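Colleague: I'm new to this one. Could you walk me through it and tell me what the words rest on?

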Amino acid sequence: MSENVYEIAILGRAIWQLHSLNNEGTVGNVTEPRSVRIIDPNTKKAVTTDGVSGEMLKHIHTEIMWALDDKNNLCDACKVLNPEKFNFAIKTKKVTAKDVEDALKQALEKCDICDVQGFLLERPTASRKSTIEFGWALGIPEVYRDIHTHARHALGEKGRGSRGQENEEETEGASTQMVYHRPTRSGVYAVISVFQPWRIGLNEARQSKYTYDTDDSARERRYKLALKAYQLLFARPEGAMTTTRLPHVEGFNGVIVYSTEPMPVPVISPLKDDYVTEIKTIAESLDSSLKVIKFDSIADFATKIGRLTNNKPYKMEF
């Protein structure tokens with residue numbers, strides 16, 4: 001039986017080996033892995049651990065949505081994944097908006113990605129808050145980190161220094177040889193994300209009365225598209241340095257929490273060893289419209305989140 005879904009939370013632990021999905025930056029020829037300072041909820045001690053930012057995870061989700069979408073349902077900016085989204089269309093005068101309400105109305109009517117992922121407008125100044133939220137993926141101590149040394153050589157250049165030809169390199173100009181250092185990390189990561197289907201198509205800039213500026217068929221299409229992107233995100237995480245450090249994806253376990261009535265879903269960090277028990281206890285104490293589904297692998301997650309595509313996004317009455 002089909003249900004109307006108000007909110008969905010995905011809380012789990014992902015295992016990624018030898019990845020470099022997110023980094024602090026490069027100093028000289030050394031790339032530093034991204035580090036964050038947290039309080040370990042199980043030991044109550046401050047620790048430094050590895051992190052993949054919510055911005056990176058949301059970017060991955062957006063790219064998957066774009067890949068899956070019929071491009072006829074995107075604005076000109078999102079057809080080419082321009083990060084400005086609908087603001088680009090207004091800035092380049094491809095569309096004209098009378099005011100903030102009208103600008104959001106046009107964006108919500110036209111574009112799947114602008115509606116689901118949100119955007120900012122410069123003039124008129126406004127924001128469309130994303131219906132999808134990601135927290136940082138945090139390494140559950142211990143994450144193993146290494147810095148590896150690599151070298152780039154041109155054909156015939158390797159070993160020239162050992163034959164005493166350094167002066168020849170200098171007179172010929174810059175050498176193509178380059179030594180550089182790149183990080184890898186392996187560990188278990190706590191992941192949190194919330195999806196708000198009830199806000200798909202909702203124009204919250206209209207202060208006289210909230211309205212849905214997208215028809216029901218478009219709302220259902222966008223709902224299914226966002227869930228399919230979640231299915232793939234944990235099976236194929238993209239990010240930095242995947243050309244040479246494509247993550248070895250091993251596992252994903254946790255819970256999917258969703259509500260079928262206006263009820264914000266609880267979000268407890270998978271950093272805690274007992275987060276599943278705590279989520280179930282909260283759900284049982286709150287309301288029968290709150291459902292908790294446990295998953296034990298990437299395939300199990302893809303199957304169970306996929307079943308939610310048979311439902312419809314909740315529509316609030318105003």
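Modeller: Helices (H or I, at least four residues) and strands (E, at least two) are DSSP runs, numbered from the N terminus. This is a predicted model, where local features need pLDDT of at least 70, side-chain atom pairs count only at pLDDT 80 or more, and totals for chains, interfaces and linings use all residues. Residues are numbered from 1 along each chain as its sequence is written, and side-chain values use heavy atoms, with hydrogens and water left out.

Colleague: What makes β9 and β12 a pair?

Modeller: Three bridges join strand β9 (residues 132–134) to β12, in the antiparallel sense. Pairing takes at least two, so they qualify. Glu133 has Val194 in β12 as its bridge partner.

Colleague: And why do β10 and β12 count as paired?

Modeller: Strand β10 (residues 137–139) and β12 run antiparallel and share two bridges. At least two are required, so this is a pair.

Colleague: Which residues of α8 are called buried?

Modeller: Tyr275, Val276, Ile279 and Ala283. Buried means under 20% relative accessible area, exposed over 50%, partly exposed in between (1.4 Å probe, protein chains only). On the other side of α8, Thr277, Glu284 and Ser285 are exposed.

Colleague: How do you know that the buried residues of α8 line one face?

Modeller: Looking down the axis of α8, they fall within an arc of 100 degrees, so they line one face of the helix. The arc is that of the directions from the helix axis to the C-beta atoms.
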